[in-house]
Amino acid sequence: MSAVNVINVQVLDNPAKYNDPINLEITIECVSQLEDDLEWTLIYVGSAVDPSLDQVLDSILLGPISLGASKFTFQAPVPDISKIPLNEILGVTVLLLSCKYKGNEFFRVGYYVTNELEPGYSLSPHLTTQIKEQAIHKNIKNKEESKQQDKYQDIK
């Protein structure tokens, strides 16, 4: 049994406008006392072909962790649209949430993010960033989860 179990990750305020912050409600269960904080990181994949365009939206340290179930909201800013290639702003990309303990990742979940324009808009290099952000809707869904919790079952 793991020292920490991620029970649920709920995407709040979904779908939303592009420039609305990303809110995740995370429920964990701690079954043994931890010496250090948990590090949570949220990454937006900015390009399917260039990993250097991935953006770390936020990283937080959570602790001390009480024994039992805990729930918290992880709020992260949206990606900087100016750092995303124009041809990759719309369509499907990925949002990755990971958790580390003492530098070792033990949980990762990915969400498909669909970015679409409102009717009446077309995406062009001449649109300002502000107009682009107001015209784009994001919809986060279809999570893919990778747990490695058993790897750290003896964390103390």
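Biologist: In which loop does P15 lie?

Modeller: This is a predicted model. The peptide bond that leads from N14 into P15 is cis, with omega near 0°. Most peptide bonds are trans. P15 itself lies in the loop between strand 1 and strand 2 (16-17).

Biologist: Is D13 buried or exposed?

Modeller: D13 has its place in the loop between strand 1 and strand 2. Its phi is near 50°, a positive value in a residue other than glycine. The relative accessibility of D13 is 55%, and exposed means over 50%, so D13 counts as exposed.

Biologist: What is the omega of the peptide bond between G63 and P64?

Modeller: P64 lies in the loop between strand 5 and strand 6. The bond that joins G63 to P64 is cis. Its omega is about -5°.

Biologist: How does K102 count in terms of accessibility?

Modeller: K102 is found in the loop between strand 7 (91-101) and strand 8 (104-117). It is not a glycine, yet its phi is positive, at about 55°. With a relative accessibility of 44%, K102 counts as partly exposed.

Biologist: Which residue of strand 3 is the bridge partner of V9?

Modeller: Strand 1 and strand 3 (residues 22-30) pair in the antiparallel sense over 8 bridges. In one of these pairs, N8 has T27 of strand 3 as its partner. For V9, the bridge partner in strand 3 is I26.

Biologist: Which residue in strand 6 stands opposite N23?

Modeller: Strand 3 and strand 6 run antiparallel and are joined by 9 bridges. In strand 6, the residue opposite N23 is Q75.

Biologist: How many of the 9 residues of strand 3 are buried?

Modeller: Of the 156 residues of the protein chain, 38% count as buried. Strand 3 is largely enclosed by the rest of the structure, because its buried residues number 7 of the 9.

Biologist: What share of the accessible surface belongs to carbon and sulfur atoms?

Modeller: The accessible surface of the protein chain comes to about 8300 Å². The share that belongs to carbon and sulfur atoms is 48%.

Biologist: Which element has the lowest mean pLDDT?

Modeller: The protein chain averages a pLDDT of 85, and 81% of the residues score at least 70. Among the elements, strand 5 (residues 55-62) has the highest mean, 98. The lowest mean, 60, belongs to helix 1 (residues 129-135).

Conventions
Residues are numbered from 1 along each chain as its sequence is written. This is a predicted model: local features need pLDDT of at least 70, side-chain atom pairs count only at pLDDT 80 or more; totals for chains, interfaces and linings use all residues. Side-chain values use heavy atoms; hydrogens and water are left out. Two strands pair if DSSP finds at least two bridges between them. Helices (H or I, at least four residues) and strands (E, at least two) are DSSP runs, numbered from the N terminus. pLDDT is the predictor's confidence in each residue, from 0 to 100. Buried means under 20% relative accessible area, exposed over 50%, partly exposed in between (1.4 Å probe, protein chains only). Accessible areas come from the Shrake-Rupley method with a 1.4 Å probe; for residues, only the protein chains shown count as cover.
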